Each structure stands twice: as C-alpha cells, then as structure tokens.
Amino acid sequence: LTFPLLSVTLLVSFGSSMLYGYNLAVVNSPAEHIKAFYNATWSQRYGQGLGPAPLTLLYALTVSIFALGGLGGSLLVGLLVERYGRNGALSRSALLVLLAGGFMGFSRELGSPEMVIIGRSITGIHSGGCSLRCALPFPHGSNLRGFLGLMPSIFICLGVFSAQVLGLPELLGKDRFWPLFLSVVVVPASLQLLLLHCFPESPRYLLIERNDVCGATKALQRFLGSSDVQDVIEEMQEEQRSLSSMEMASVWQLLRERSLRWQTLSVAVLNAGMQLSGIDAIWFYTNTIFENAGIPLSQIPYTTMGTGAIEVVAGLIGCFTIERVGRRPLIITGFCAMGVCSAGITISLLLQAALPWMRYVSVACVVGIIAGFCMGPAGVPFLVTAELFMQSHRPAAYIVGGSLNWLCNFTIGFIFPFLQMSAGAFCYLVFCGVCLLVALYVYLIIPETKNKTFMEISHIFA
C-alpha cells in the first residue's frame with residue numbers, strides 16, 4: 001500500500017463517503033430548530049402555524065428527500081464516469097455540494113423552507129455517487145481488496161461522528177447556527193475539489209475507456225511507486241479485450257437470467273436489509289429516541305456523540321478483520337447484534353417506568369445497533385455485490401442494489417416518525433425481525449466470497 005494510493009483513497013472517501021455520513025446525521029441535532037423555523041415561516045405566510053401532524057410530515061420529507069436524491073445520483077454515476085472519468089465526475093459532483101450548501105445556508109435569511117428541502121435533495125444526488133472511487137489495481141489475493149473496499153464505510157462513520165460533534169450546544173447546536181451547521185458540507189467538498197487535481201486519473205479508466213496506454217502507465221507508476229508495472233498493464237489490457245467482446249447486461253436481462261437468480265436475490269436482500277434494519281432511523285432520529293428513553297435533555301447531545309465514537313471504532317475493527325475472518329461472519333454477526341439490540345430497545349422502553357435504570361439499557365442497545373452495523377452490514381454488501389457477478393452483469397447488479405438501498409432509505413426516513421407515534425416501543429420489533437431474517441438468509445444462502453473467483457462462487461450457488 002503506497003502513499004499516493006492511500007492518499008487518493010482517503011481524499012475520495014473524505015469528500016464523498018464522509019459527506020454521506022455527515023448528511024445522514026446532520027438533521028438529528030437541529031430537528032427542533034428546523035421545525036420551529038418551518039412553523040414560523042408558515043405562520044408568516046398563511047396567518048397560522050402548522051399542526052403537529054403536518055409539521056412532522058414536512059420535517060420527515062426534509063429528512064428523507066436526501067434518499068430520493070441519492071437514488072437519482074446513483075443512476076447517473078455510470079454516465080458521469082464514462083464521460084468525464086473518475087476525477088472529472090468527482091469534481092462535478094463536488095460542485096453540487098457547493099450549490100446545496102448555498103441553498104441551505106441562506107434558507108433562513110430568505111425565509112424559505114423549500115431551500116432546505118432542495119439543498120437536502122442535491123446533497124443526496126452527490127451521495128448517490130458516493131461509490132465513485134478511483135478504480136485502482138491491487139492484488140486480488142491480498143488484504144487490500146477488503147481493506148480499501150471498506151475504507152468508505154469508515155469515513156461514513158467519521159461523517160456521522162463529525163455531525164454529532166458539531167451538533168453539540170457549545171459548537172453549532174444552537175438555534176442561530178443551524179443553517180451554518182447544514183452547510184458545513186462545503187468544506188470537505190472544496191478541499192476535494194482543490195486537491196483532486198494533484199492526482200492522476202484512474203489507470204483503469206485511462207486504459208480501458210480511453211485506450212491511453214502511456215497515461216495509464218504513468219498513473220500506475222505514480223500510484224504503485226514502481227517503474228515496473230507491465231504485468232498490471234497486461235492484466236488490464238486482457239480485461240479490455242474481454243470487455244470489448246462482451247455484451248453488458250441490462251437490468252432486465254439480469255433479472256431474467258435464471259443462472260444468476262440467487263445472486264441477484266442475495267444483492268436485493270443485502271441492500272434492502274441494510275436500510276430496513278433501522279440504522280437510518282437511529283441516525284436520523286437519535287435524539288428523539290434517547291428522549292423517549294428518558295435520557296435527560298442536557299445529556300442527549302453528549303450521549304449521541306459517544307455512540308458516534310463507538311461506531312468509528314467498530315468500523316475500524318471491521319476494516320482490519322474482513323480479510324482474516326471473511327465476509328459472511330461479519331454480516332451475520334452484525335445483523336444478529338442489530339436484531340437482538342432492537343428487541344432490547346423495545347423491552348427497555350416497556351420496563352423503564354418501573355425500572356428507571358432501563359434507560360441506560362436503551363442507550364446500550366442503540367450503541368449495539370450502530371456497532372453491529374458498522375462492523376459488517378455498512379460496507380460488506382457493496383463488496384460482496386462486486387464479487388458475486390462477472391463484469392458483464394456487475395453494473396446492472398449495482399443498479400438493482402443501489403436503487404433498493406436508496407428506496408428503503410427513503411421509506412425508513414419518511415415513515416419512522418409515524419411508525420413511532422402509532423406503535424410506540426413495539427416499532428423496533430419490525431427492525432428486529434428484518435435483521436434476524438437477513439442474517440438467516442446469509443447463513444443459509446450466501447457463500448463466503450473471500451479469495452474466490454466468480455466461477456467458484458457460481459458453482460456454489462448452482
């Protein structure tokens with residue numbers, strides 16, 4: 001692992017994955033301030049404020065519109081990369097963040113809740129391209145595939161943690177600072193925009209898409225820190241010849257391919273399960289969950305920040321152990337832990353009236369859900385998707401998985417406040433059931449993909 005390769009991986013993750021994590025959690029702390037702004041603006045416009053149900057609906061839309069933008073962004077990724085390359089696509093997506101930051105930052109001055117919602121949707125479009133990473137070559141049998149594959153999930157955790165820290169009352173958690181809090185996203189986007197040009201374009205893009213052997217050779221020499229890159233060039237040229245004679249499958253062709261039905265179903269289960277596990281409800285509405293659990297209001301921001309620190313540690317554990325223990329154990333253990341802890345939240349909420357100390361059990365269960373997610377389900381499904389399919393079907397598989405991921409993200413972000421109002425403590429049993437069913441599916445159906453070729457994996461499914 002060379003310094004240039006590590007640097008560009010960190011830079012891309014900092015400006016993409018970290019922003020995704022930040023935008024997941026940034027709406028949690030200023031929720032009451034944003035609702036108050038919506039209510040005051042509505043009262044100024046129409047002479048009366050919003051009722052509790054319409055206000056909850058409008059705020060739920062603000063939270064979840066991020067996912068609809070993400071769905072659109074994920075569908076545009078392939079076109080952007082093909083036309084502009086990895087660096088060009090990342091630069092253009094960073095410009096979107098600057099635009100979104102302007103909308104959200106000036107929304108209160110202009111008295112426009114619509115600007116907050118538009119800004120959230122634009123940041124979603126950027127995060128939909130969060131998978132844009134320099135496709136750099138590294139040995140398939142080494143631990144770099146798992147390590148670099150999970151690097152973005154660590155930065156997602158760091159983004160969530162950053163939002164939790166900046167949301168403290170001593171920093172940007174006060175009412176007058178919430179527009180600035182939402183628009184902080186322009187800082188990492190600007191840094192990525194400035195520094196990305198210090199690195200060459202992806203060697204794989206240069207050779208396979210642009211047929212620029214000279215440029216790919218120079219980029220490889222820079223990234224790998226060696227002048228002898230002929231073996232890697234020949235490997236990519238072989239891939240280029242293979243792709244030129246290969247017809248790329250559409251989504252419809254993938255869904256109709258009987259030999260890949262279990263792989264396709266597995267991608268659908270993993271990506272839908274990631275979001276329906278309830279993790280986005282935890283990130284979007286952490287403060288509300290802790291308030292319902294009876295945690296004193298003055299302690300909630302610091303409790304939330306503590307959960308963020310733990311999720312970063314859990315993400316690091318997953319990153320450094322994936323090539324040692326494999327994909328399956330991390331996914332199964334993560335979903336099982338999330339399921340048990342979701343049930344634990346329900347039990348603790350039901351008993352806290354009689355047993356006041358049960359509020360701390362609720363906090364521990366929230367921590368367990370986040371830690372379980374960050375250790376495996378946060379990043380491993382994306383890595384497994386690439387390993388289950390050959391190149392001809394991989395783009396279609398990513399579209400299927402990404403679309404389900406964002407649609408389920410939107411669903412949870414939008415309906416959770418209403419589910420919590422109607423089902424109370426029992427709403428977490430829904431997430432418990434989803435997590436345990438996904439874990440059971442992985443245990444029964446999905447094989448270990450570590451150090452296996454596509455043909456070996458296909459033979460196991462057959």
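This report describes the domains, their interface and selected local features of a predicted model.

## Domain organisation

The protein is divided into two parts: domain 1 covers residues 1-199, and domain 2 covers residues 250-461. Taken over C-alpha atoms, the centres of domain 1 and domain 2 are separated by 20 Å. In the contact between them, domain 1 supplies 46 residues and domain 2 supplies 44 residues.

## The interface between the domains

Between them, domain 1 and domain 2 bury about 3500 Å². Carbon and sulfur atoms account for 73% of this buried area.

Charged and polar pairings across the interface were also counted. Zero salt bridges are found between domain 1 and domain 2. Polar contacts are present, however, and join five residue pairs across the two domains, with both residues of each pair at pLDDT 80 or more.

Several helices of domain 1 face domain 2. The elements that each give two or more residues to this side are α2 (17-25), α4 (52-105), α5 (113-128) and α6 (144-166). Among these, α4 gives the most, with 16 residues. Sorted by class, the side of domain 1 that touches domain 2 holds 27 nonpolar, 16 polar and three charged residues.

How many salt bridges does the model contain by the rule applied here? The count comes to one salt bridge. This salt bridge is formed by R45 and E114, whose closest N and O atoms are 2.8 Å apart. R45 belongs to helix α3 (residues 31-46) and E114 to helix α5, so the pair ties together parts of the chain that lie 69 residues apart in sequence.

A second residue, S121, is likewise found in helix α5. Which residues does S121 contact, leaving aside its neighbours within four places in sequence? The contacts of S121 are with I65 and G69. S121 and I65 are separated by 56 residues in sequence, yet their C-alpha atoms are 5.4 Å apart in space.

## A bend in helix α20

Helix α20 spans residues 394-423 and bends by about 45° at I415. A proline, P417, follows within four residues of the bend. After the helix comes G424, which has a positive phi, near 60°.

Terms used. Residues are numbered from 1 along each chain as its sequence is written. This is a predicted model: local features need pLDDT of at least 70, side-chain atom pairs count only at pLDDT 80 or more; totals for chains, interfaces and linings use all residues. Side-chain values use heavy atoms; hydrogens and water are left out. Domain bounds come from an automatic or database domain assignment. Contact means heavy atoms within 4.5 Å. Buried area is the accessible area (1.4 Å probe) that two parts lose on being put together, summed over both. A salt bridge is a side-chain nitrogen of Lys or Arg within 4 Å of a carboxyl oxygen of Asp or Glu. A polar contact is a pair of N or O atoms within 3.5 Å; within protein, one must be able to donate a hydrogen and the other to accept it, and residues adjacent in sequence count only if both atoms are side-chain atoms. Ala, Val, Leu, Ile, Met, Phe, Trp, Tyr, Cys and Pro count as nonpolar, Asp, Glu, Lys and Arg as charged, and the others, Gly among them, as polar. The bend at a residue is the angle between axes fitted to the seven residues ending there and the seven starting there.
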